[in-house]
Amino acid sequence: MYELDEHTPYRHARHQFTPLPLIQRGLAFHEAGHTVLGQLVGFTCERVRIHTVTRDGVTGWTGATTWAQSFGSYLDVAVVCGAAGQAADLHQLAQDGRLTPETASLTAADHDKEMALSILTAAGVPVSEAGPAPDGGLAWDHVMATAQQRLDREWNRITAVAEALLAAPDFTLTGAQAAQIAGIIA
């Protein structure tokens with residue numbers, strides 16, 4: 001079972017002046033990107049949520065998508081685990097007319113990329129973080145471009161899941177609820 005995005009809360013210097021509703025919105029789209037793209041390639045989502053967490057005396061907002069199992073190609077794993085969340089966050093900023101170099105920097109999801117690289121490394125898949133893909137491996141710029149293409153095609157589904165996540169009383173949806181909202185048939 002993989003739990004995506006259990007990381008340092010979104011409350012530190014780079015977010016200190018970001019209004020809470022915008023942090024929650026960004027996280028909802030981030031998690032919806034993981035969830036929808038994952039379910040479309042056969043990952044089984046158990047739960048998606050945004051929530052508060054306290055670490056080292058700091059309380060902030062974060063998100064998590066929990067998978068029961070996953071299938072797909074190594075590219076699918078890289079896109080879903082490593083790139084989909086950040087790509088969705090960037091897309092919603094652009095759609096809302098709030099994408100600037102400064103807001104784009106707030107979407108950096110190094111934790112997602114590190115997890116994907118860890119999974120791929122454990123599977124023996126080489127990944128180039130810059131430049132062409134190594135033999136039998138992946139190039140990270142191709143992973144990001146693929147995530148963006150898939151996300152563009154599925155934007156309405158991602159938006160529906162993000163909006164439902166924001167409207168849920170505890171900011172939590174089951175994987176089955178997210179799939180139903182997105183119109184994904186398992």
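In this predicted model, 70% of the contacts between residues at least 6 apart in sequence join residues at least 24 apart; contact means heavy atoms within 4.5 Å. The protein has seven helices and six strands, and a search of the whole structure finds three aromatic pairs. Residues are numbered from 1 along each chain as its sequence is written, and side-chain values use heavy atoms, with hydrogens and water left out. Because the model is predicted, local features need pLDDT of at least 70 and side-chain atom pairs count only at pLDDT 80 or more, while totals for chains, interfaces and linings use all residues.

**Overall fold**
- Along the sequence, the pattern is β-α-β-β-α-α-α-β-β-α-α-β-α; helices (H or I, at least four residues) and strands (E, at least two) are DSSP runs, numbered from the N terminus.
- The radius of gyration is 16 Å, close to the 16 Å from the globule rule for 186 residues, so the protein is as compact as a globular protein of that length.
- That radius is taken over C-alpha atoms, and the globule rule is 2.2 Å times the number of residues to the power 0.38.
- Along the principal axes, the C-alpha atoms fill a box of roughly 45 × 40 × 35 Å.

**Surface, burial and charge**
- Of the 186 residues, 49% are buried (under 20% relative accessible area, with exposed over 50% and partly exposed in between; 1.4 Å probe, protein chains only).
- Carbon and sulfur atoms hold 55% of the accessible surface of about 8,800 Å², computed by the Shrake-Rupley method with a 1.4 Å probe.
- The 11 positive and 20 negative charges have mean positions 4 Å apart; Lys and Arg count as positive, Asp and Glu as negative, and His and the chain ends are not counted.
- Each charge is placed at NZ of Lys, CZ of Arg, CG of Asp or CD of Glu.

**Aromatic pairs**
- Rings of Phe, Tyr and Trp (its six-membered ring) pair if their centres lie within 6.5 Å; planes under 30 degrees apart are stacked, over 60 edge-to-face and the rest tilted.
- Among the three pairs found, Phe43 and Trp67 have ring centres 5.2 Å apart and planes at 85°, so they are edge-to-face.
- Phe43 lies in the loop between helix H1 (20–40) and strand E2 (44–55) and Trp67 in strand E3 (residues 58–69), so the pair ties together parts 24 residues apart in sequence.
- Phe43 is buried at 4% relative accessibility, and Trp67 is buried at 1%.
- Trp61 and Phe171 have ring centres 5.4 Å apart and planes at 90°, so this pair is edge-to-face.
- Trp61 lies in strand E3 and Phe171 in the loop between helix H6 (155–167) and strand E6 (172–174), so the pair ties together parts 110 residues apart in sequence.
- Both Trp61 and Phe171 are buried, and Phe171 has a positive phi of about 55° although it is not a glycine.
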